[in-house]
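Student: I am new to this structure. Please take one part and walk me through it closely.

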Amino acid sequence: MASEVLWYLIPREGAYPWEPAGRRPVDLGYLRRLAGAVDSLGFSGALLATDLHDVWPLGSALSASTSTRFRPLLAVHPGLISPTLLAKMALTFDTLFGGRLRFNVVNGSTRTLREYGLNVEHDERYALSAEYWSIVKRLTAGEVFDHQGNYYDLTDAGGSFGDLKPVQSPHVPLWFGGSSEPGIEMAAQHMDVYLTWAEPPAQLKEKLDRVRERAARHGRTLRFGLRLHLIVRDSEDEAWAAADRLLDVTSEATYARQLRDRSGEDGVGWQRQFRQHGGRVPARARELERHPNLWPGMSLFRPGPGTAVVGSTAQVIERLKEYEDLGVDTFILSGNPLLEEAYRVGETILPALGVPAPS
């Protein structure tokens with residue numbers, strides 16, 4: 001039984017939003033409608049990813065229009081603002097919205113972070129991140145302290161927060177995904193939920209076992225979460241036909257741009273994902289099926305996690321339960337369009353995962 005099932009919420013919405021023809025207009029009213037659907041269907045919140053809008057104003061606007069059941073998972077890059085300021089923002093958010101905040105720790109890529117003036121290579125990003133989040137954890141736990149490290153020199157950190165006290169205990173939860181050795185080590189030491197993209201179960205089991213072993217060395221245990229896309233229909237044939245349509249409506253320019261833009265990625269997770277298809281665009285989606293109902297083709301035309309479970313309702317449930325057997329207790333799901341598929345998944349998949357219907 002899943003502990004939590006979250007949805008995905010970004011302003012790039014539509015049947016195939018990576019193409020102009022597949023994108024629908026989105027404004028604040030639409031996003032509130034989407035968040036309201038996620039809230040009413042029984043999801044325990046949504047991942048607000050780094051996309052067109054900054055997650056702080058978006059998360060605040062949606063939290064103001066939803067119940068306390070809707071817990072936003074905000075994607076945040078460490079190092080772009082002071083850890084003390086981030087902690088104050090987090091405590092403010094929790095005070096205003098009833099302790100709902102979670103952080104999705106995003107280490108990003110060297111190329112992306114240079115746009116913001118942060119020039120650190122792959123392994124150093126993790127060293128910076130470990131120090132940054134250790135500070136944020138202490139501050140959101142209510143500590144006041146001095147700190148001298150490799151990246152931050154703080155005096156009386158948290159001393160000016162006054163009556164701004166923690167709402168969550170022991171601190172604002174940290175969720176994180178990283179497949180490299182430095183990433184796994186950082187997760188083992190500092191994170192609360194280890195996130196991963198979907199892979200064939202045998203391959204994923206090896207990674208999760210490494211994370212468990214590393215965390216045990218530090219006397220810690222972690223929860224495991226899985227981020228994946230769903231193409232679920234009444235029948236298997238209908239689901240694969242929907243995947244075929246995504247290939248057909250995607251332009252050659254989009255395929256070329258996605259492969260070009262991602263060719264310089266230094267993230268191990270992306271490299272593991274790319275190896276599932278090698279950049280080859282198949283004539284039919286099922287040519288890339290690497291495990292029953294597991295399709296890595298989404299990464300051919302969209303950034304980020306690019307593996308989908310494609311199948312009938314029963315098959316999708318079977319695959320998700322297969323991941324549960326590996327120790328995954330948290331899912332971050334998505335489908336296009338986000339609004340309509342939230343209803344489909346909420347009404348067919350969530351009950352099978354043991355998610356109680358909202359009262």
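Tutor: **A close look at Thr-250**

The side chain of Thr-250 makes a polar contact with the side chain of Trp-18, at 2.9 Å. A polar contact is a pair of N or O atoms within 3.5 Å; within protein, one must be able to donate a hydrogen and the other to accept it, and residues adjacent in sequence count only if both atoms are side-chain atoms. This is a predicted model: local features need pLDDT of at least 70, side-chain atom pairs count only at pLDDT 80 or more, and totals for chains, interfaces and linings use all residues. Residues are numbered from 1 along each chain as its sequence is written, and side-chain values use heavy atoms, leaving out hydrogens and water.

Where does Thr-250 lie? Find the loop between H8 and helix H9 (252-262). Helices here are DSSP runs (H or I, at least four residues), strands likewise (E, at least two), numbered from the N terminus. Thr-250 is buried, with a relative accessible area of 6%. Buried means under 20% relative accessible area, exposed over 50%, partly exposed in between (1.4 Å probe, protein chains only).

Now look at its surroundings. A polar atom of the Thr-250 side chain lies 2.6 Å from the backbone oxygen of Leu-246. Leaving aside neighbours within four places in sequence, Thr-250 is in contact (heavy atoms within 4.5 Å) with Trp-18, Glu-19, Tyr-255 and Phe-301.

Leu-246 leads on to a pocket. Leu-246 is one of the residues nearest the centre of the second largest pocket, along with Ala-15, Arg-233, Ala-242 and Asn-336. On a 1 Å grid over the protein atoms alone, a pocket is an open set of points with protein on both sides within 12 Å along at least five of seven lines, where a 1.4 Å probe fits; lining residues have an atom within 4 Å of a point. The lining has 14 residues. Strand S9 (223-233) and helix H8 (236-249) are the elements that give two or more residues to that lining. The pocket holds about 200 Å³ of space. That volume is the space filled by probe spheres set on the points, with grid points joined across faces, edges and corners. By type, the lining divides into eight nonpolar, three polar and three charged residues. Ala, Val, Leu, Ile, Met, Phe, Trp, Tyr, Cys and Pro count as nonpolar, Asp, Glu, Lys and Arg as charged, and the others, Gly among them, as polar.

To recap, Thr-250 is buried, and its side chain makes a polar contact with that of Trp-18.
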